[in-house]
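Hi everyone, thanks for coming. Let me put the structure up, and then we can walk through one part of it together.

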Amino acid sequence: MSKRRARRMRWLGAGALAAAASMAAGCTGRERAAPLPAPAAGRLDEPAVIEIDLSRGLPESASASLFGPPSGRTHAQLVRSLRELAEAESAKGFLVRLGSARLAFARAHEIGRILGDVRKAGRPVVCHADEYNNATMLLAAAACGKLWLSPAGQVDTVGIAAQLVFAKGLLDRLNVDVDFLQVGKFKGASEPFTREGASPEARQSLQSALGGLREAWLSGIVEGRGKQELREAVEDGPFAPEEAKARGLVDELGDVEAAIEDAKKLAGTELSVPRFGGAPRDPSLSRSLVDVFRSISGASTLGTPHVAVVPAIGGITMTASGMPLGSSDGIGERELGRIITRLTKDTSAKAVVLRIDSPGGSALASDLLWQKLMRLREEKPLVVSIGGMAASGGYYLACAGTKILAEPTSIIGSIGVVGGKFAVGKALADIGINAETVAANPDPTRAARAAYMSALTPWDEPTRARVLASMEAVYDLFLKRITAGRNLPLETIAPSAEGRIFGGVEAHERSLVDELGGLERAIALARELAELPEDAPVEIEQDDGGLLELLAAGDETGENAARAPDRAALKERAREAMAGALLPEWLGVAPEIGTFAASMAPLLAGERALTVLPFAVTLR
């Protein structure tokens, strides 16, 4: 029994585990093709404005929670349903509620583009926000024919920048030795600990990438609003409401109810119906999100040919961390690998879309997952959809795709390796704690090498040379994996390596991605490559994890699912029971620190070679 499973069993206790298992087994089995429950008389069949509520964010993946009804509201689910909602005869228009949400650029860009197509087809789309920021303005400009702003709000479009955090001064004060090495002159991931500011190479790489993102952002707003003068105005914020209206950034000032009434008037209907995000105002319209999306998407019964969408979100580690009955944060090789292996053997999954938003992490975990993805690719099309970023280890996974798609506002690349450790021996000595190393080999050089993983002593030069050699080997393997996955010569890939990062447009020009587009296009391409019909169902996958791992009794390969229908049914029931609340976006006053810390976390587990995004980058 794994330590993780043992910990969970101790936490649950025998009685709690039995009760939880009984709850999961007693849930109604998934009827993926089941129709929606009958609506209240006439309500859903009448012409209506469809409300899309993004005010609580739009994460890539939802957490799993044992208790409570399914409540996932993810990017994949919204993309999967928007076209079907737009084609419904009763959908006469759309109202997008943005609140003060902070959305990832790539997700905002794709949702804006999809709703923009709806608007161009003749159906009104209205947006309302309490505050527009860079990303939500991009979404609203692309999507909506009319933009509303709360009278006490503001338009906080101030241009795109990245904040870099450097801790060398603090480490010096604490007398902490920092042993970090890097392969690739643009890599820079060690610089927060070894420099007071960015190196010229790292700054050049970052500025180039940000320039590409800025152009995509400006073009999206200008083209969506049809006002060339906004190219100069949009970066001049923040704007008070009246000034924002005078400058043409928004059209009307008022609360969300006024915006809803305006949308209904433009659509020629007296009814608005919440269809994504917050709870319906009319209790008679409330129903399981799972039922709604399965009905909208035509989700399949078990065994029906379909496209599987697999979220791969966060830092990459050997195993994701999480509470016993909660969600797992990040990309765990064990958890994601289990899904990949199952889908490789699942003959009903005719194609897989891997949705990546990751700054990287463990080099070992990245390579193990790459190998599994390549085996899956041998069996069926694997289309990679890059969200906010596929950097370093994230791109390590992406390059296994049959095809790779990214948004113009995605961050891609950072092909390089960083590794090292913190040595706190001197800091401990300052407070009277001393450490002494005793090695079996009396040779002082070999004695130092024996303790090179210790956090108590820094590396000597011979040890640094040995570690650097091992990191160079990882870097060479990284390049080989990319050339194999992309089927391109090293001469094509090498100029884009050494830790450089790019926006989506330049990454496409450099052959790091095949096509610019979002998740919707990736799903369509997966259907094409698998020769499936355009309305072939889509299933969003999640690792069983938590309680389901206990119920699965150690099955790491998923091989039993195909030959044990009762077991598969139990998994489906447990998965239904565990659908839960959303993982929030990065929280806290300094989310860039949390993002970078997550990608560097494998160092705490004893790994010395990482493929991670340089610096702690947060787009503002």
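In helix α4, the buried residues are Asn-134, Ala-135, Thr-136, Met-137, Leu-138, Leu-139, Ala-140, Ala-141, Ala-142 and Ala-143. That is 10 of the 10 residues in α4, which spans 134–143, so the helix is mostly covered. Buried here means under 20% relative accessible area, with exposed over 50% and partly exposed in between, using a 1.4 Å probe and protein chains only. Helices are DSSP runs of H or I with at least four residues, strands are runs of E with at least two, and both are numbered from the N terminus.

A word on where this comes from: the model is predicted, local features need pLDDT of at least 70, side-chain atom pairs count only at pLDDT 80 or more, and totals for chains, interfaces and linings use all residues. Residues are numbered from 1 along each chain as its sequence is written, and side-chain values use heavy atoms, leaving out hydrogens and water.

What caps the N-terminal end of α4? Asn-133 does, with a side-chain oxygen 3.2 Å from the backbone nitrogen of Ala-135.

Now, how many disulfides does a search of the whole structure find? One, where a disulfide is a pair of cysteine sulfur atoms within 2.5 Å. Cys-127 and Cys-144 form that bond, with their sulfurs 2.0 Å apart. The pair links distant parts of the chain, 17 residues apart: Cys-127 sits in strand β4 (125–133), and Cys-144 in the loop between α4 and β5 (146–156). The torsion about their S-S bond is about 45 degrees, so the disulfide is right-handed.

Cys-127 counts as buried because its relative accessibility is 0%, and Cys-144 does at 2%.

Methods
A polar contact is a pair of N or O atoms within 3.5 Å; within protein, one must be able to donate a hydrogen and the other to accept it, and residues adjacent in sequence count only if both atoms are side-chain atoms.
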